[in-house]
Amino acid sequence: MASRRLDRRPERKVTRTGAKPPVARHTARLGEPTVCRRCGAVFARQTWRASRTLSHAALARATWTTCPACRQVGEGIAYGRVVIRGAYAAEHEREIRRRIRNVAERAQFTQPERRVVSADRQGAAVLEVLTTSQKLAHRIVHELKKAFRGRARYAWSDRDGSLTATWERDR
């Protein structure tokens with residue numbers, strides 16, 4: 001039986017600063033408030049939020065820039081990959097895409113840095129969705145499994161921390 005102890009090998013340790021995606025790590029310290037010129041998200045209290053409203057005075061002194069999520073989508077950088085396979089997925093693609101869109105919209109409302117980069121068909125029975133974060137990819141597959149049943153598998157990369165999540169269901 002495998003042990004459930006924490007893996008403490010030196011090569012497995014990740015520091016807090018290493019957990020951020022490179023797009024977020026390479027940005028200069030932002031003044032507050034900062035507003036994204038593409039999506040309208042507001043950076044205040046050290047976080048990006050889509051639901052924050054600013055007063056006219058705060059908006060007048062705000063800095064305008066492009067948020068890390070908009071940069072990731074523009075450059076096509078993805079840290080989450082969802083692979084959807086099976087005959088059921090091919091037959092119910094419209095419902096699956098609608099579910100993915102709903103999950104992504106809900107995530108973007110509370111955490112605007114989690115977005116879908118692309119959702120493309122890869123052959124007859126495979127749909128591939130790229131996301132800006134591992135958590136959104138995990139959440140999409142979890143929701144698909146909850147709504148449509150099927151099997152889910154998750155594989156994290158040690159190299160860059162990305163996640164490949166696979167959901168499949170046959171008939």
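Visitor: Among contacts in this protein between residues at least 6 apart in sequence, what percentage join residues at least 24 apart?

Guide: A contact means heavy atoms within 4.5 Å. Among contacts between residues at least 6 apart in sequence, 60% join residues at least 24 apart. The model is predicted: local features need pLDDT of at least 70, side-chain atom pairs count only at pLDDT 80 or more, and totals for chains, interfaces and linings use all residues. Residues are numbered from 1 along each chain as its sequence is written, and side-chain values use heavy atoms, with hydrogens and water left out.

Visitor: How many helices and strands does the protein have?

Guide: Helices (H or I, at least four residues) and strands (E, at least two) are DSSP runs, numbered from the N terminus. The protein has 6 helices and 9 strands.

Visitor: What percentage of the residues are buried?

Guide: Buried means under 20% relative accessible area and exposed over 50%, with partly exposed in between (1.4 Å probe, protein chains only). Of the 171 residues in the protein, 33% are buried.

Visitor: What span is expected of a helix such as H5, and what span does the model give?

Guide: The expected span is 1.5 Å times one less than the number of residues. H5 covers residues 93-110, which is 18 residues, and reaches 26 Å from its first C-alpha to its last, close to the 26 Å expected.

Visitor: Which residues of H5 are buried?

Guide: They are Glu93, Ile96, Ile100, Val103, Ala104 and Ala107. Seen down the axis of H5, these buried residues fall within an arc of 95°, so they line one face of the helix. The arc is that of the directions from the helix axis to the C-beta atoms. As a general idea, an α-helix has 3.6 residues a turn, so residues three or four places apart point the same way. The face of H5 turned away from the buried side carries the exposed residues Arg94 and Phe109.

Visitor: What covers the buried residues of H5?

Guide: The cover includes the strands E5 (80-85), E6 (116-121), E7 (126-131) and E9 (163-168), together with the helices H4 (87-91) and H6 (134-148). Take Ile100 as a case: not counting residues up to four places away in sequence, Ile100 touches Ile84, Val116, Leu127, Val129 and Ile140.

Visitor: Which residues of the largest nonpolar core touch the most other members?

Guide: A nonpolar core is a set of buried Ala, Val, Leu, Ile, Met, Phe, Trp, Tyr and Cys residues joined through side-chain atoms within 4.5 Å. The largest one has 19 residues, and those touching the most other members are Val82, Ile84, Ile96, Ile100, Ile140, Leu144 and Trp167. At least two residues of this core come from each of E5, H4, H5, E7, H6 and E9. H6 gives the largest share, 6 residues. Another core, of 7 residues, lies apart from this one and has Ala41, Phe43, Cys67 and Cys70 among its members.

Visitor: Which residues of H6 are buried?

Guide: Leu136, Ala137, Ile140, Val141, Glu143, Leu144 and Phe148 are buried in H6. They fall within an arc of 160° seen down the axis of H6, so they line one face of the helix. Just after H6, Arg149 takes a positive phi of about 60°.

Visitor: In which sense does E5 pair with E7, and in which with E9?

Guide: Two strands pair if DSSP finds at least two bridges between them. E5 and E7 are antiparallel over 6 bridges, with Ile84 opposite Leu127 in E7. E5 and E9 run parallel, also joined by 6 bridges; Val83 stands opposite Thr166 in E9.

Visitor: How many residues of E9 are buried?

Guide: In E9, 5 of 6 residues are buried. E9 is also joined by 6 bridges to the antiparallel strand E8 (residues 151-156). The two form a hairpin with 6 residues between them, and Gly161 in the turn has a positive phi of about 80°.

Visitor: What is the strand order in the open sheet of 4 strands?

Guide: The order is E3-E2-E1-E4, with mixed pairing. E3 (47-49) and E4 (63-65) stand at the edges with a single partner strand each, so one side of each is left without a neighbour in the sheet. E2 (residues 42-44) pairs with E3 in the antiparallel sense over 3 bridges, and Ala44 stands opposite Thr47 in E3.
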